[in-house]
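Welcome, and thanks for taking a look at this chain with us. Here is a short briefing to read alongside the model.

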Amino acid sequence: MATQEHFAELASQLRAIPVVARELSRACPPHCPPASLGVLSVISRHGEMRMSRLAELLEVDMSVTSRHVAHLAERGWIDRLPDPHDKRSRLLRLTPGGADMLRAAQDRVAEALAHHLRDWPDEDVTEFSRLLDRLRSDFAADCRPRTHSTT
């Protein structure tokens, strides 16, 4: 079992993550910041959706989501289509140009990672990715609202 000192060291290391994120954001195209790439990525991964679902998946406020959607729609990277089930709502869909932008940006970020981790063995990169996914999943699970039984 890890000791308190291990967790303190891990916490210290995790505080360096914003430095890594800032460096990777520099690899993004200037007209497509990381937040916009996040939106494109979610729509690409999950398909056509309402803005409320996008806000839920991004875990951000609707006003923040609305600004991102407007930015992406202005550039032609997403379409806002009428929802056939609710005429008051719009469905968001990635355009071919949005898919191209996402792919190009992901390639640039992957190249930046490859440059910075060029001395890492493949097994270390794979294991680090697996462990980060596990960390994210564990925190996400702990942050979900819990239902209480009333028995």
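From the N terminus on, the elements of the protein chain follow the order α-α-α-β-α-α-β-β-α-α. That makes seven helices and three strands, where helices (H or I, at least four residues) and strands (E, at least two) are DSSP runs numbered from the N terminus. The radius of gyration is 19 Å, well over the 15 Å that the globule rule gives for 151 residues, so the chain is more spread out than a compact globule. For that comparison, the radius is taken over C-alpha atoms and the rule is 2.2 Å times the number of residues to the power 0.38.

This is a predicted model, in which local features need pLDDT of at least 70 and side-chain atom pairs count only at pLDDT 80 or more, while totals for chains, interfaces and linings use all residues. Residues are numbered from 1 along each chain as its sequence is written, and side-chain values use heavy atoms, with hydrogens and water left out.

**The chain as a whole**

- Along its principal axes, the C-alpha trace spans about 55 × 55 × 25 Å.
- Of the 151 residues, 23% count as buried; buried means under 20% relative accessible area, exposed over 50%, and partly exposed in between (1.4 Å probe, protein chains only).
- The accessible surface comes to about 11,100 Å², and 55% of this belongs to carbon and sulfur atoms; the areas come from the Shrake-Rupley method with a 1.4 Å probe, and for residues only the protein chains shown count as cover.
- Among contacts between residues at least 6 apart in sequence, 50% join residues at least 24 apart, with contact meaning heavy atoms within 4.5 Å.

**Helix 6**

- Helix 6 runs over residues 96-116, and at 1.5 Å a residue its 21 residues should span 30 Å; the end C-alpha atoms are 30 Å apart, which agrees. The expected span is 1.5 Å times one less than the number of residues.
- Gly98, Met101, Leu102, Ala105, Val109 and Ala112 are the buried residues to look for in helix 6. Viewed down the axis of helix 6, its buried residues fall within an arc of 100 degrees, so they line one face of the helix; the arc is that of the directions from the helix axis to the C-beta atoms.
- An α-helix has 3.6 residues a turn, so residues three or four places apart point the same way.
- On the face turned away from the buried side of helix 6, you will find the exposed residues Pro96 and Glu111.
- The cover over the buried residues of helix 6 includes helix 2 (17-25), helix 3 (34-46) and strand 3 (86-94).

**Helix 3**

- The 13 residues of helix 3 should span 18 Å at 1.5 Å a residue, and the end C-alpha atoms agree, being 18 Å apart.
- Ser36, Leu37, Val39, Leu40, Ser41, Val42 and Ile43 are buried in helix 3.
- Their cover includes strand 1 (49-50), helix 4, helix 5, strand 2, strand 3 and helix 6.
- Just after helix 3, Gly47 has a positive phi of about 85 degrees.

- In helix 4, Met51, Leu54 and Ala55 are buried. They cover an arc of only 100 degrees around the axis, which puts them on the same side of helix 4.
- These buried residues of helix 4 pack against helix 3, strand 1, helix 5 and strand 3.
- Ala55 has 5% relative accessibility and, leaving aside its neighbours within four places in sequence, is in contact with Val60, Met62 and Thr65.
- Glu59 lies in the loop between helix 4 and helix 5 and is exposed, with a relative accessible area of 70%.
- Most residues other than glycine have a negative phi. Glu59 is not a glycine, yet its phi is positive, about 60 degrees.

**Two polar side chains**

- Ser63 sits in helix 5 (residues 62-74) and is partly exposed at 37% relative accessibility.
- The side chains of Ser63 and Asp61 are joined by a polar contact of 2.6 Å. A polar contact is a pair of N or O atoms within 3.5 Å; within protein, one must be able to donate a hydrogen and the other to accept it, and residues adjacent in sequence count only if both atoms are side-chain atoms.
- Asp83, in strand 2 (residues 78-83), is buried, with a relative accessible area of 3%.
- The side chain of Asp83 reaches the backbone nitrogen of His85 at 2.8 Å.
- Beyond its neighbours within four places in sequence, Asp83 is in contact with Arg50, Ser89, Arg90 and Leu91.
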